[in-house]
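Dear colleague,

I am passing on the structure below, together with some notes on what came out of it. Please have it open while you read.

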Amino acid sequence: MENEILIKQIDNQDVLDSRDAAKMIGKTHAHLMRDIDRYINDMEPDPKLDSAKFFIKSSYIDPNNQARPCYLLTKQGFEFVANKLTGKKGTIFTATYVGLFNQYQAEHNGKAIAIDSSLEHEKLAYKREWLIEMRKQNVNKAHELRNQDVKLYLELGKVADDYQRPRMATDFRNEAIRAMQALPVGARREYSATEIGNIIGVSPIAIGKWANKLGVKRDADMSYRDHDGAWRYFPEALKVFQDNALEIQDDDLGL
């Protein structure tokens with residue numbers, strides 16, 4: 001298959017083409033090539049390090065029948081690249097390439113090399129977490145788009161007020177309310193600092209100040225920052241503010 005990622009053997013070494021490695025990492029091939037060139041340059045001053053044990057220079061023929069440079073990554077080379085990746089992305093990549101090399105060795109060496117089942121479970125677990133994170137980001141994006149609609153309708157309501165068109169202003173504000181209620185499936189209600197301030201009777205500035213004091217902004221389950229730089233708060237955060245409402249109110253009044 002055209003998009004299949006394959007291990008091959010060169011000089012008794014199992015290697016993977018840097019073009020396939022780039023696909024697995026989520027980088028362009030040019031970007032990965034620049035990274036590998038930098039790694040090799042960093043290795044050169046140390047005589048104990050042999051870059052050829054990690055990265056083997058090679059080439060391929062592009063669709064225009066032109067020779068283009070690439071690298072063949074040994075298992076050590078893959079481990080080196082994986083160590084440069086951080087967080088879940090690095091873990092998923094490491095689990096994937098280990099599985100590929102083990103599978104290749106089992107098929108081509110006739111050995112019953114058992115792929116660690118715990119590794120497979122770990123890979124699946126990280127994949128699941130990655131999918132959950134992507135869904136959360138999509139939900140947050142839907143929230144942001146909805147909030148932009150709300151802001152637009154509220155601004156139009158103000159313009160209608162300026163032109164003394166009360167019925168039009170009411171229609172715009174009703175549209176804002178409908179937009180606020182149009183939450184994505186499975187999404188949580190969220191609030192601006194102004195909305196929470198109105199609920200407990202303090203200024204938005206006080207909400208921002210106490211969000212820091214109470215650790216609300218450090219908890220991704222209670223808040224996030226949208227693309228405009230404004231903080232948005234989930235119901236869990238509202239409860240924290242309500243539990244501390246008296247103290248927040250006194251502070252806002254300077255008592």
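**Aromatic pairs and their surroundings**

The structure, which is a predicted model, holds 8 aromatic pairs. One of them joins phenylalanine 55 and tyrosine 71 in an edge-to-face arrangement, with 6.5 Å from centre to centre and 70 degrees between the planes. Because phenylalanine 55 belongs to strand β3 (residues 55-61) and tyrosine 71 to strand β4 (residues 67-74), this pair ties together parts that are 16 residues apart in sequence. Phenylalanine 55 counts as buried, at 3% relative accessibility, and tyrosine 71 is buried as well, with a relative accessible area of 5%. Both rings belong to one aromatic cluster, which is formed by Tyr39, Phe54, Phe55, Tyr71 and Phe80.

In helix α3 (residues 75-83), the buried residues are Gly77, Phe78, Val81 and Ala82. These four lie on the same side of α3, because they cover an arc of only 140 degrees around the axis.

Two charged side chains are placed over rings. Arginine 19 lies over the face of tyrosine 60, at 3.9 Å from the ring centre, while the charged end of lysine 213 sits over the ring of tryptophan 210, 4.4 Å from its centre.

Conventions. Residues numbered from 1 in each chain as written. Predicted model: local features only at pLDDT ≥ 70, side-chain atom pairs only at ≥ 80, totals over all residues. Heavy atoms only, no water. Buried < 20%, exposed > 50% of the residue type's maximum accessible area, 1.4 Å probe, protein only. Helix = DSSP H or I, 4+ residues; strand = E, 2+ residues; numbered from the N terminus. Arc of directions from axis to C-beta. Phe/Tyr/Trp six-rings, centres within 6.5 Å; stacked < 30°, edge-to-face > 60°. Lys NZ or Arg CZ within 6 Å of the ring centre and 35° of its normal.
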